[in-house]
Amino acid sequence: MAECHPVGFQWVMEAKARGAKIIHVDPRFTRTSAVSHVHAALRAGTDIAFLGGLINYVLENEKDFREYVLAYTNASAILQDGFADTEDLDGLFSGFDKEKRQYDVSSWAYEGVDATPSAGSGEPEQTGEHHHGGEEHRSTARAESYGSGGASVDAKPKTDETLRHPRCVYQVLKRHFSRYTPEVVADVCGMPVEQFAEIAEAITANSGRERTTAWVYSVGWTQHTVGAQYIRAASILQTLLGNIGRPGGGILALRGHASIQGSTDIPTLFNILPGYIPMPHAHQHLDLDGFVAADAGKTGFWGNMRSYVVSLLKAYWGESAQAGNDFRFDYLPRLTGDHGTYATVQKQIEGECKGYFLVGENPAVGSANGKFQRLGLANLDWLVVRDFQLIESATFWKDGPEIETGELATEEIGTEVFFLPAAAHTEKDGSFTNTQRLLQWHHKAVEPPGEARSDLWFYYHLGRLIRERIGDDPRDAPLRDLTWSYPAEGAIAEPRAESVLAEINGHGPRGPLSAYTELKDDGSTSCGCWIYCGVRADGHNHAADRKPGSEQDWVASGWAWAWPANRRILYNRASADPDGKPWSDRKKLLSWDPEQGKWVGPDVPDFEPTKPPDYEPPDGAKAQDALGGRDPFVMQTDGKAWLFVPAGLADGPLPTHYEPFESPVSNALYGVQESPVRQTLDAPSNPYNPARSPVFPYVFTTYRLTEHHTAGGMSRTLPYLSELQPEFFCEVSPALAAERGLEHLGWATIISARTAIEARVLVTERVKPLKVRGRVIHQIGLPYHWGPNGLSRGDAANDLLSVVMDPNVHIQEAKAATCDIRPGRRPRGRDLPALVAEYRTKAEEGKPTDG
């Protein structure tokens with residue numbers, strides 16, 4: 001966090017100054033480690049084993065916040081008799097189809113209760129070589145398609161408040177994590193038992209009625225084949241300890257740069273609509289009612305999904321969207337499969353995808369398997385690149401690595417590249433949404449130079465020109481009917497960013513809406529993103545609010561605006577006990593005031609403000625009315641935090657340690673080596689290192705530096721930043737340097753099945769050898785910012801990576817892979833692919849045969 005999020009880290013330092021204990025768990029010793037009380041090194045890709053060990057410690061020693069757990073989680077829910085755990089099936093859950101490599105989740109349900117299929121889930125379809133080597137696979141958005149509330153559960157389960165029933169979630173959880181002992185954590189992660197015990201004792205001592213502990217993670221937890229389950233494991237731990245919905249608790253996902261949170265809220269992702277509404281599926285959702293019925297929870301605030309969707313459709317198509325035409329639901333695009341970035345690149349290589357827009361992305365450096373990316377770009381008809389500089393993804397056709405090796409020839413590449421200069425954030429108005437879900441407005445400081453234009457200018461005028469050129473063809477009706485009128489100002493006709501914010505906020509019969517609870521499903525309201533509704537309440541841009549801290553309380557509700565409803569802590573009803581009284585004065589946030597008949601406190605209640613703690617839903621109640629006064633998790637259909645997920649995840653109802661797809665060791669916990677439902681991509685340009693291969697004995701992980709920014713387009717062209725970090729380097733321990741003959745400041749060649757790259761050697765004790773599974777495992781650290789363009793040039797670390805993905809969200813495993821390293825510079829020209837081919841042959845010949 002200090003290295004990659006230094007501005008946010010100032011608050012950690014302030015907390016430390018006030019007595020907070022800082023624990024840093026990371027494969028490398030970094031700037032964060034240097035100011036932490038504890039640095040715990042672990043092997044990259046083993047965090048579930050570590051977190052599972054902490055969960056086991058909590059359960060075995062009964063350190064859970066029992067009143068919180070009983071009242072606010074599904075710990076007492078009883079599972080059906082057909083459920084089998086990884087304990088029973090040696091690493092698999094019940095319902096696994098070996099041929100399709102996917103789960104039938106029906107056996108994971110509560111006793112007597114069915115989970116509703118999601119609106120984004122499609123029937124199994126043939127997806128060919130894109131997934132699992134031609135096996136049938138459900139490639140459409142499934143696990144990630146339930147919106148923010150998870151899968152719908154039709155009824156409340158049978159429960160055992162004593163938590164003794166062998167099939168209640170609490171006992172299933174306890175049994176599942178029982179093998180994650182301190183000794184197993186040490187064996188898998190390489191973390192000494194004594195250090196693990198110190199961490200376990202520290203977080204449990206700092207959690208409960210009087211104290212809370214926060215967890216902070218970033219891409220180091222997400223970029224794995226089980227990345228979603230990493231965060232699930234942290235959620236289980238924090239829920240058991242009562243650290244959700246309370247001040248000083250929670251799980252903070254650090255977003256890499258502005259405005260990553262905003263780009264998932266109002267998505268650049270293929271599988272969701274604004275506000276985490278799932279995309280409809282081409283073969284399943286023919287009308288609006290069918291779509292909503294498949295996904296909207298009958299209880300909880302997702303029970304109002306029709307209002308959210310109809311208001312979105314009204315924002316898109318305005319007067320054209322009417323009840324008689326299903327509010328133009330048929331105009332929405334439909335999912336037909338996996339349309340994620342890597343599936344799209346595969347379609348480029350196969351000739352199916354002819355054109356591509358790259359806006360603020362540099363996949364030739366920043367994405368896994370850069371060669372795979374560049375081969376895709378080389379097979380396009382046209383490519384539009386909008387950036388500040390001529391990045392590698394714009395110049396691959398003349399100076400990419402494959403030109404040097406002869407794998408591509410400039411004269412044979414038919415891609416027509418259009419480079420359009422982009423405006424920087426200081427050169428345009430708009431909002432950033434940060435880790436805290438906080439929308440902060442930034443005002444234009446200077447005009448963009450020359451022909452540089454903002455993203456808003458580009459997309460607005462591109463849409464305007466397209467609309468001017470289309471005819472009367474019925475298939476173009478969705479474009480013709482779009483609401484596409486924004487006030488434009490100045491010599492370049494820049495659209496007003498606030499007018500877009502106004503459309504996102506939404507309007508009703510009496511003007512700007514103030515809250516998403518005002519949205520209607522009859523077409524009388526429009527809203528571009530329901531979770532942002534209220535950011536322009538009363539016509540005022542609350543994202544631009546800047547009340548000084550000295551003039552407000554610690555919640556600071558007058559500084560910018562947090563979605564939803566300017567609420568700073570989600571699920572804050574859980575900060576009070578079931579009767580509405582604070583768990584403690586020290587951690588007081590919300591409480592029920594019987595005299596006023598409402599919830600009071602410094603934060604906006606994440607609960608109906610006047611719903612009393614003793615409210616019991618009447619029979620047949622729907623949406624939020626069906627949640628009791630003691631159900632704080634209002635986006636869940638049962639109002640509870642889910643320790644066990646009965647539906648909604650592709651890879652299991654509980655986090656389970658699987659080895660990274662490329663791992664030097666076998667799985668110590670189960671016979672199943674890696675995630676059985678991992679998403680692979682079979683292509684000649686995407687070969688994999690065999691697991692446990694002696695040819696690739698070392699672990700490498702990629703990371704960021706403070707001095708450079710992501711794929712380098714914003715930093716490697718700047719002299720001052722380039723001077724601070726002038727060359728691409730690899731971090732190795734003194735022991736590894738001695739083992740492989742590497743010299744400090746000399747050159748090293750790092751090889752995987754994809755390619756070989758060269759880097760300067762940084763011999764440092766910041767990366768130390770770990771004892772794992774009875775042997776020493778060495779790890780190599782590689783910053784991923786470099787490429788062949790700019791002032792500071794070097795090979796791209798991500799070229800070493802393969803494309804293998806989490807089945808829930810299709811993110812690549814970039815934080816744990818294997819390689820070899822040897823002294824000296826890499827070969828040039830055709831000798832480079834020859835070296836890599838030699839390594840692949842050796843690896844295949846020595847491939848383990850035990851599966």
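Start with the second largest cavity. In this predicted model, that cavity is lined by F661, E662, R754, L801, S802, V804, E813, A816 and A817. Its volume is about 50 Å³. Sort the lining by class and you get five nonpolar residues, one polar and three charged. How many cavities of 30 Å³ or more does the structure hold? Four.

I'll take the second largest pocket, with a volume of about 700 Å³. The lining runs to 48 residues, and R374, P401, T755, D799 and L832 are the closest to the pocket centre. Which elements supply at least two lining residues each? On the helix side, α14 (341-349), α15 (363-366), α16 (370-377), α17 (392-399), α18 (401-405) and α24 (831-845).

Seven of its eight residues are buried, so α16 is largely enclosed by the rest of the structure. The buried ones are G370, K371, F372, Q373, R374, G376 and L377. Note R374 in that list. R374 is also among the residues closest to the centre of the second largest pocket. What do the buried residues of α16 pack against? Helices α14, α15, α17 and α18, plus strands β11 (355-359) and β12 (382-387).

Next, a helix pair. Two packed helices are described by the angle between their axes and the distance between the axes. For α3 (residues 47-60) and α7 (residues 182-189), the angle is about 170° and the axes are 9 Å apart. An angle over 145 degrees counts as roughly antiparallel, so that is how α3 sits relative to α7. From α3, the contact uses A49, F50 and G53. From α7, it uses V185, V188 and C189. Those contact residues are five nonpolar, one polar and no charged.

Last stop, Y532. This residue lies in the loop between β19 (511-512) and β20 (561-562). Is Y532 buried or exposed? Buried: its relative accessible area is 3%, and the cut-off for buried is under 20%. Leave aside neighbours within four places in sequence, and Y532 is in contact with G262, D265, I266, T433, L439, I504, N505, W561 and W563. One more distance. Y532 and A562 are 30 residues apart along the chain, and their C-alpha atoms are separated by 8.3 Å.

That's the tour. Over to you.

Terms used:
Residues numbered from 1 in each chain as written. Predicted model: local features only at pLDDT ≥ 70, side-chain atom pairs only at ≥ 80, totals over all residues. Heavy atoms only, no water. 1 Å grid on protein atoms, 1.4 Å probe; cavity = no way out; pocket = protein on both sides within 12 Å on 5 of 7 lines; lining within 4 Å. Points joined across faces, edges and corners; volume = space filled by probe spheres on them. Helix = DSSP H or I, 4+ residues; strand = E, 2+ residues; numbered from the N terminus. Axes fitted to C-alpha atoms, helices over the stretch in contact; angles between N-to-C directions. Parallel < 35°, antiparallel > 145°, perpendicular 65-115°, else oblique. Contact = heavy atoms within 4.5 Å. Nonpolar A, V, L, I, M, F, W, Y, C, P; charged D, E, K, R; others polar. Buried < 20%, exposed > 50% of the residue type's maximum accessible area, 1.4 Å probe, protein only.
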